[in-house]
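Me: I would like to learn how to read the contacts between a protein and DNA. Could you walk me through a case?

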2 protein chains.
Amino acid sequence: MDELDSAIVEHLQRDARQTNRELARKLGIAPSTCLERVRALRNRGVITGYHAAVDLRALNRPVQALLSVRVRPLGREVIEGFKRYAAGLPEVLSVFVVAGGEDFLVHVAVPDVDQLHSFLLDRFSERPEVVDHHSSVIHQHLSNPVTSPLGPIGTG
Amino acid sequence: MDELDSAIVEHLQRDARQTNRELARKLGIAPSTCLERVRALRNRGVITGYHAAVDLRALNRPVQALLSVRVRPLGREVIEGFKRYAAGLPEVLSVFVVAGGEDFLVHVAVPDVDQLHSFLLDRFSERPEVVDHHSSVIHQHLSNPVTSPLGPIGTG
DNA sequence: CAATCCACCGAATTGAATTCGACAGATCGT
DNA sequence: ACGATCTGTCGAATTCAATTCGGTGGATTG
């Protein structure tokens with residue numbers, strides 16, 4: 001994980017579909033070298049995958065929310081169970097298992113606010129382990145495409 | 001946005017780097033047709049980009065948290081200002097502008113808990129518009145790679 | 001100092017992306 | 001109902017990129 005690896009990762013976070021040749025040109029290295037580096041980053045697990053990002057409005061899911069959930073009793077079974085349950089729901093974009101006032105924060109995207117309401121009632125309120133929840137509608141969501149290493153980078 | 005477009009989007013969300021030929025084969029269509037569809041999805045703004053996903057531990061940022069922030073006075077200037085400020089910080093993965101008890105939820109990744117503490121003190125507490133904040137450390141984060149359309153899909 | 005190793009490179013090969021003319025089904029106007 | 005047109009699909013041909021691999025040089029090791 002030297003500076004070159006770091007630069008490769010940043011470029012691929014911005015655009016994972018640029019050609020290997022173009023990436024190599026930007027970095028001032030040979031395409032074969034670049035290919036080898038990218039392959040190594042993937043094999044080492046630094047790069048975990050390549051994903052298309054979509055416009056949720058185009059998918060008929062313009063309304064997003066972050067749902068705080070408290071479950072009881074607190075224990076591995078209940079936490080694991082709810083986590084998998086939530087992650088499997090089609091409305092769910094991601095599930096955060098957190099420490100603090102709440103146990104989960106669930107990021108959802110739905111067609112409209114009515115369906116958000118229905119979702120809460122049908123999917124959360126009915127679950128016996130869910131003792132409390134409240135929702136925060138998301139007005140804007142800014143994602144940072146680039147995630148650089150913080151602090152010293154090991155050289156090998 | 002018919003079923004074929006939907007299937008293309010789902011496949012590219014899982015793996016944005018599979019070859020066009022492979023994608024076409026999975027869908028049972030000609031590579032040229034597939035290419036045309038993908039290009040159209042991109043031009044229409046359904047697919048907004050292609051991004052490499054990284055292992056935050058490999059980037060020396062194993063500690064994640066969701067930070068709730070309240071700012072005052074509430075107004076466009078203050079909201080926009082803090083939003084851009086937060087989004088520009090290297091520790092920040094994404095910024096949610098929310099309605100409800102809090103004004104922002106900021107997803108951060110840092111090397112250790114000490115740096116989380118420092119981050120809060122140096123980046124948030126010192127800002128005059130920040131009147132309150134609290135942090136939830138993230139134990140696990142499950143992301144759903146696939147985001148399918150909910151409800152009816154328009155045929156055009 | 002010689003041997004070894006490793007990352008990098010460039011040429012050659014393999015294989016994919018892209019273009020484009022043709023075709024068929026749907027749509028529209030008369 | 002019919003012909004004209006439009007649109008999406010296809011396959012062959014071309015262009016370009018991914019991939020392989022043997023060679024080179026700089027760094028490391030004993």
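Reply: Gladly! Let us begin with the general idea: a polar contact is a pair of N or O atoms within 3.5 Å. Keep in mind that this is a predicted model.

Me: What is the distance between the side chain of A:S32 and a base oxygen of DNA strand C?

Reply: An N or O atom of the A:S32 side chain sits 2.8 Å from that base oxygen. Chain B reaches a base as well: the side chain of B:R21 has an N or O atom 3.1 Å from a base nitrogen of DNA strand C.

Me: Which part of DNA strand C does A:R37 approach with a polar side-chain atom?

Reply: A phosphate oxygen, at 2.5 Å.

Me: Which helices each supply at least two residues of the surface near DNA strand C?

Reply: They are α3 (31-43) of chain A, plus α2 (20-27) and α3 (31-43) of chain B. By class, this surface has four nonpolar, five polar and three charged residues.

Me: What does A:R37 touch beyond its neighbours within four places in sequence?

Reply: Its contacts there are A:D2, A:L4, A:D5 and A:I8. One of these, A:L4, is also among the residues around DNA strand C.

Definitions and conventions: Residues numbered from 1 in each chain as written. Chains lettered and ligands numbered in written order. Predicted model: local features only at pLDDT ≥ 70, side-chain atom pairs only at ≥ 80, totals over all residues. Heavy atoms only, no water. Near = heavy atom within 4 Å. Polar contact = N/O pair within 3.5 Å; in protein donor to acceptor, adjacent residues only side chain to side chain. Helix = DSSP H or I, 4+ residues; strand = E, 2+ residues; numbered from the N terminus. Nonpolar A, V, L, I, M, F, W, Y, C, P; charged D, E, K, R; others polar. Contact = heavy atoms within 4.5 Å.
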